[in-house]
Amino acid sequence: MTAGRWALRAASLGAALLVWQGLTSLDVNLWLRFEQFPTVDEVASTFWQRAREGAYWQDLGFSLRRIVSGFALAAVLGIAVGTAIARSRIAEDLIGPLLEVLRPIPAIALVPVAILLFPSNEQGIVFITFAAAFFPVLVSTRHAVRALTPVWEEAVLTMGGGRGRVLFSVVLPGALPGIFGGLSVGIGVSWICVISAEMISGEYGVGYRTWQDYTVVDYPGVFVGMVTIGALGWLTSTAVERAGRRLTRWLPSRDASGPVPSSAAARTRTGRGPRRPSRTPDHAPPAGAAVTGPAGAAGPGSAPETSPERTREVTR
């Protein structure tokens with residue numbers, strides 16, 4: 001990424017902070033009410049105060065551990081189940097209907113189930129995080145595998161490759177772009193659900209601390225939690241996207257720019273389209289020449305001989 005793009009992104013964030021500071025410091029109270037919002041200075045002061053305390057980093061560590069555990073489990077099982085459903089009619093008929101019934105249920109609605117099912121709140125929160133990321137990964141993997149052209153698989157089978165070779169050399173590499181699209185969506189949904197689960201049934205974590213700040217009317221602390229959640233979500237999403245670009249570096253890059261061929265550049269300057277090929281091929285005989293076969297016989301497509309007598313009759 002160029003320095004200009006970094007500067008533009010920094011300017012965007014800086015402008016948002018300036019607008020926030022202006023609205024809260026002036027106590028703007030139109031249709032939206034900003035008089036009770038903390039200013040940027042108050043949030044920054046509270047953040048630096050908490051960053052020097054061990055409780056803040058303990059909560060951050062708990063949330064990261066829950067995200068990594070639940071998301072890793074969802075990634076492995078989502079890719080495996082999605083591939084099985086896409087390539088096996090038996091798997092699609094056995095587990096497909098059950099998953100389609102469970103998929104519309106929000107993961108946060110599973111909090112009562114997690115409380116009843118698991119012996120500890122920690123395991124229940126990891127389960128909710130897993131459920132949030134599992135279905136985006138499953139659906140993206142299923143569609144990516146089904147979209148693969150069968151020519152690649154047939155080529156491997158023709159050269160003597162088995163089903164395992166097809167799976168690990170054709171199916172999974174070819175579906176990686178779609179799979180990482182689901183992983184990127186899944187990590188964002190996981191953060192939404194893990195914070196909600198920590199607010200409801202957690203004992204530690206960024207979500208739990210944010211809710212506690214709200215109950216004691218510590219609004220700068222609430223905004224510190226929100227900023228922390230946003231930063232953690234951005235960092236983890238960026239890590240997933242970078243891993244995806246590294247594993248799919250064989251794809252054409254949008255930023256890649258190479259030398260433009262001279263003919264293409266000329267067409268770009270003149271605004272003309274590609275040149276049409278000549279109707280007469282290079283190996284065609286000259287106009288009027290007869291094409292003769294063996295022993296001087298006229299071949300197919302040759303012009304018939306014209307005698308002087310025939311010419312005089314036509315003239316008459």
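**Burial, exposure and confidence in a predicted helical model**

Modeller: At 9% relative accessibility, T83 counts as buried in this predicted model.

Biologist: Why is T83 called buried?

Modeller: The term requires under 20% relative accessible area. T83 has 9%, and therefore T83 is classed as buried. The residue belongs to helix α3. Leaving out residues up to four places away in sequence, T83 touches T141, V145, L167, V171 and L172.

Biologist: Is V217 buried or exposed, and what makes it so?

Modeller: Exposed means over 50% relative accessible area. The value for V217 is 52%, so V217 counts as exposed. V217 is located in the loop between α9 (206-215) and α10 (219-247).

Biologist: What makes W211, Y214, V217 and Y219 a patch?

Modeller: Patch members need over 30% relative accessible area and no salt bridge, and nonpolar side chains are joined within 5 Å. W211, Y214, V217 and Y219 form such a nonpolar patch on the surface, and together they have about 400 Å² of accessible area. For the chain, the accessible surface comes to about 21100 Å², with 63% belonging to carbon and sulfur atoms.

Biologist: Which residues touch the most other members of the largest nonpolar core?

Modeller: They are I128, F134, L183 and W191, in a core of 47 residues. At least two residues of this core come from each of α3, α5 (111-117), α6 (121-146), α8 (163-201) and α10. Helix α8 supplies the largest share, 14 residues.

Biologist: What does I128 contact, leaving aside its neighbours within four places in sequence?

Modeller: I128 is in contact with A107, V111, A114, C193 and A197. A contact requires heavy atoms within 4.5 Å, so each of these residues has a heavy atom within that distance of I128.

Biologist: How many helices and strands does the secondary structure of the chain come to?

Modeller: There are 12 helices and zero strands. Of the 316 residues, 30% count as buried. Among contacts between residues at least 6 apart in sequence, 68% join residues at least 24 apart.

Biologist: Which elements of the chain have the lowest and the highest mean pLDDT?

Modeller: Helix α11 (residues 262-270) has the lowest, at 43, and helix α3 (residues 54-87) the highest, at 93. Over residues 256-316 the pLDDT is below 50, and this stretch has 16 contacts in the model beyond near neighbours in sequence. Where pLDDT is low, the predicted coordinates should not be read in detail. The chain averages a pLDDT of 80, and 80% of the residues score at least 70.

Note on methods. Residues numbered from 1 in each chain as written. Heavy atoms only, no water. Patch = residues over 30% accessible without salt bridge, like charges linked within 9 Å, V, L, I, M, F, W, Y side chains within 5 Å. Areas by Shrake-Rupley, 256 points an atom, 1.4 Å probe, with all protein chains shown as cover. Salt bridge = Lys/Arg side-chain N within 4 Å of Asp/Glu carboxyl O. Helix = DSSP H or I, 4+ residues; strand = E, 2+ residues; numbered from the N terminus. Buried < 20%, exposed > 50% of the residue type's maximum accessible area, 1.4 Å probe, protein only. pLDDT = per-residue confidence, 0-100. Core = buried A, V, L, I, M, F, W, Y, C linked by side-chain atoms within 4.5 Å.
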